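Hi,

Here is the structure I said I'd pass on. Have a look at it first, and then read my notes below.

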Amino acid sequence: MKVIKQADIDVIRGEIRQGRLDLSSKTYDELKDDYDLSEVELKIDFDDSVKLLLPEGDSQDKNKDYENCLLIHDALPDISSTQATDERIWVTLSLKNYSDYSRSRWSKKKQKPDYYLEHFFAKTNRAYSQRNAIGRLYWSYLLAKRIDNGDPKKHLAHLLHNSEYRAALFERPGCLANVPTLYGIYNSIHMKHTSDGNKFDRAKHRSLCKEIYKLSGRTYFTIFPELEMKEMLQSIHDKIYS
């Protein structure tokens, strides 16, 4: 897979910040000519025959996020989670390979430069996992697979329909990433309290993440039976949501 050099990405980013470049009016070929963009080869398989669906509206049932999450994983079948933190991949896909999708989904006229920097670039964890036009699709499905690799599509639909819940998970990746076995258990607790009629509360959810993170930092959860782990987490949940 060929990607734009990082130095060139930084130049474009600077031009947007300084108000000298309106990304909404430039094609990739025009950017390449105007800024003499160079590309380098990465050892990543990319199937450019996979095309993303264009959104038919802004609502969740029309924006095609669910379908495109699955498609981007088809296009990048062997990419590792470490490689998927590389800004060059997501900027290249947003501006070049999937520019039609990215602009249709995120380009809005008369937006401030920061808007384009959020959705077409990917410098930070939050940027590539939540904001970048293409990166957010890949990482949403990856999170769903970590929650339940046996049935990720069910969890993907849930995550996409609750952006605040998804964002809270990404904001504190240590809650889950440090102990992979917690993904399914943590999700089952969330599903339980929503099925019991409790609405999602961002402040309480952040507190829940914080408490689980503290506990996971001093406890090896994997040595406990699943039922005992679930009871420990249920206790934290009940304390926060009581």
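Before the helix pairs, a word on handedness: a crossing is right-handed if the near helix is turned clockwise from the far one by less than a right angle, and left-handed if anticlockwise. Bear in mind too that this is a predicted model.

With that in hand, start with α3 and α9: α3 passes α9 in a right-handed crossing. Helix α3 covers residues 65-75, and its axis comes within 10 Å of the axis of α9, crossing at roughly 130°. The two are therefore oblique to each other. On the α3 side the contact uses Asp65, Tyr66, Cys69 and Leu70, which meet Lys153, Leu156, Ala157 and Leu160 of α9. Sorted by class, that contact between α3 and α9 has 6 nonpolar residues, 2 charged and no polar ones.

Helix α9 (residues 152-161) also packs against α8 (residues 135-147), at an angle of about 125° and with the axes 8 Å apart. Who touches whom? From α8 come Ser140, Tyr141, Leu143, Ala144, Lys145 and Ile147, and from α9 come Pro152, His155, Leu156, Leu159 and Leu160. The α8 and α9 contact counts 8 nonpolar, 2 polar and 1 charged residues. Leu156 and Leu160 of α9 turn up in the contact with α3 and in the one with α8.

Now to the pockets. How much space lies in the second largest pocket? About 210 Å³. Its lining is made up of Arg13, Arg17, Asp114, Leu117, Glu118, Phe121, Ala122, Lys123, Thr124, Arg126, Ala127 and Arg131. Helices α1 (6-17), α6 (113-120) and α7 (125-131) are the elements that each give two or more residues to that lining. By class, the lining of the second largest pocket has 7 charged residues, 4 nonpolar and 1 polar.

That's what I have for now.

Cheers

Definitions and conventions: Residues numbered from 1 in each chain as written. Predicted model: local features only at pLDDT ≥ 70, side-chain atom pairs only at ≥ 80, totals over all residues. Heavy atoms only, no water. Axes fitted to C-alpha atoms, helices over the stretch in contact; angles between N-to-C directions. Helix = DSSP H or I, 4+ residues; strand = E, 2+ residues; numbered from the N terminus. Contact = heavy atoms within 4.5 Å. Nonpolar A, V, L, I, M, F, W, Y, C, P; charged D, E, K, R; others polar. 1 Å grid on protein atoms, 1.4 Å probe; cavity = no way out; pocket = protein on both sides within 12 Å on 5 of 7 lines; lining within 4 Å. Points joined across faces, edges and corners; volume = space filled by probe spheres on them. Parallel < 35°, antiparallel > 145°, perpendicular 65-115°, else oblique.
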